[in-house]
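Subject: Handover of a structure and notes on its features

Dear colleague,

My notes on it follow directly after.

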Amino acid sequence: MITIKSERELSLMRYAGRVVAEVLLELKKAIRSSITTLELDRIAERYIKKANCQPAFKGYHGFPASICASINEEVVHGIPSLRRLQEGDIVSIDVGVIYQGYFGDAAATFPVGHVSEEAMRLIYVTEQSLHWGIAQAVEGKHLTDISHAVQEYVEENGFSVVRNYVGHGIGNQMHEEPQVPNFGKPGRGPRLQAGMALAIEPMVNTGTWHVETLRDNWTVVTLDRKCSAHFEHTVAVGREKAEILTAL
Ligand code: MG
């Protein structure tokens, strides 16, 4: 069942979403060559707790950290570690928080110093594809209008969308119905209604869309080990336009 959020629920999600956005901004400022992803995790966790929230990922199915940090060919679910970022890397940071039982979830990919032109284009196209998807999160549209908009834009630009991982409904649980794929034909799935809350999250690869999971059982990497980027916002479906709950 897809739940419709009340105004009270949305206001709690707005706060959670705002904290997520602020954490991503703090991390963007901290990201530089030689910082470890564990240091980024500490910054995030401190910020989340200071804002009276809890990190949503920590302990989720045993995940050991407050953020996911996925470097270069890593797609999602990278575990923060003592690995140091290097000039030329790109790093995808995914952050989830809980405020009074309600969730916010967002991700962004950042360049570390100067990166290749292709990596910059991958980051740009992935972020834009998210906004093409969000533009479809309007009452009366079908769920897969979002999916189709993302896929079409990504593939027009010569990249591929990951199929094995998808966006999701969100509210008083991190993962609610429906699943929100980043590919597919338009006009399918449930009709969208104002007050549905969705985490839309395209994962976009430079090469093949196929991925595999490393032996740590978390880190998802591209099969061809080419770069991947990930952007995500939690949005509330609106009558005329979606409200981005994880924007500043
Ligand atoms: Mg998510």
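Strand β2 (residues 67–71) is mostly covered, since five of its five residues are buried. Buried here means under 20% relative accessible area, exposed over 50%, and partly exposed in between, with a 1.4 Å probe and protein chains only. Helices (H or I, at least four residues) and strands (E, at least two) are DSSP runs, numbered from the N terminus. This is a predicted model, in which local features need pLDDT of at least 70, side-chain atom pairs count only at pLDDT 80 or more, and totals for chains, interfaces and linings use all residues. Residues are numbered from 1 along each chain as its sequence is written, and side-chain values use heavy atoms, with hydrogens and water left out.

Strand β2 and its surroundings

From β2, Ile67, Ala69 and Ile71 point one way, while Cys68 and Ser70 point the other way, and all are buried. β2 pairs with β4 in the antiparallel sense over five bridges; two strands pair if DSSP finds at least two bridges between them. Within β4, Val95 is the bridge partner of Ile67.

Ile67, Ala69 and Ile71 are also among the residues that Thr37 touches, as are Ile79, Pro80, Ser81, Arg83 and Leu85, when residues up to four places away in sequence are not counted. Contact means heavy atoms within 4.5 Å. Thr37 lies in helix α2 (residues 37–50) and is buried, with a relative accessible area of 2%. Its side chain reaches the backbone nitrogen of Ser81 at 2.8 Å. That is a polar contact, meaning a pair of N or O atoms within 3.5 Å; within protein, one must be able to donate a hydrogen and the other to accept it, and residues adjacent in sequence count only if both atoms are side-chain atoms.

The cavity

Grid points are joined across faces, edges and corners, and a volume is the space filled by probe spheres set on the points. By this rule there is one cavity of 30 Å³ or more, and the largest cavity holds about 40 Å³ of space. Its lining consists of Cys68, Ser70, Val75, Val76, His77, Ser92, Ile93, Asp94 and His230. Two or more lining residues come from each of β2, β3 (74–76) and β4 (90–99), and β4 gives the largest share, three residues.

The magnesium site

Which residues coordinate the magnesium ion? They are Asp105 (OD), His168 (NE2), Glu201 (OE) and Glu232 (OE), at 2.1 to 2.4 Å. Donors are N, O and S atoms within 2.8 Å of the metal (3.2 Å for Na, K and Ca); water is not among the atoms, so sites may look incomplete. The spacing of the donor residues in sequence is D-x62-H-x32-E-x30-E. His168, in strand β7 (residues 167–169), and Glu232, in the loop between β13 (228–230) and β14 (233–236), link distant parts of the chain, 64 residues apart. Both His168 and Glu232 are buried.

The five-stranded sheet

Strands β7 and β14 belong to an open sheet of five strands in the order β8-β7-β9-β14-β15, with antiparallel pairing. β8 and β15 stand at the edges, each with a single partner strand, so one side of each is left without a neighbour in the sheet. Three bridges join β7 to β8, where Glu176 is the bridge partner of Gly169. Four bridges join β9 (residues 197–200) to β14, with Ala236 as the partner of Ala197. β14 is joined to β15 (residues 243–244) by two bridges and by a hairpin of six residues. His233 and Val235 point one way from β14, Thr234 and Ala236 the other way, and all are buried.

Backbone geometry

The peptide bond from Glu177 to Pro178 is cis, with omega near 0°, and Pro178 lies in β8 (residues 176–180). Most residues other than glycine have a negative phi, and most peptide bonds are trans. Ser34, in the loop between α1 (7–30) and α2, has a positive phi near 90° and is partly exposed, with a relative accessible area of 34%. His61, in the loop between β1 (54–55) and β2, has a positive phi of about 50° and is exposed at 66%.

Yours sincerely

Notes
1 Å grid on protein atoms, 1.4 Å probe; cavity = no way out; pocket = protein on both sides within 12 Å on 5 of 7 lines; lining within 4 Å.
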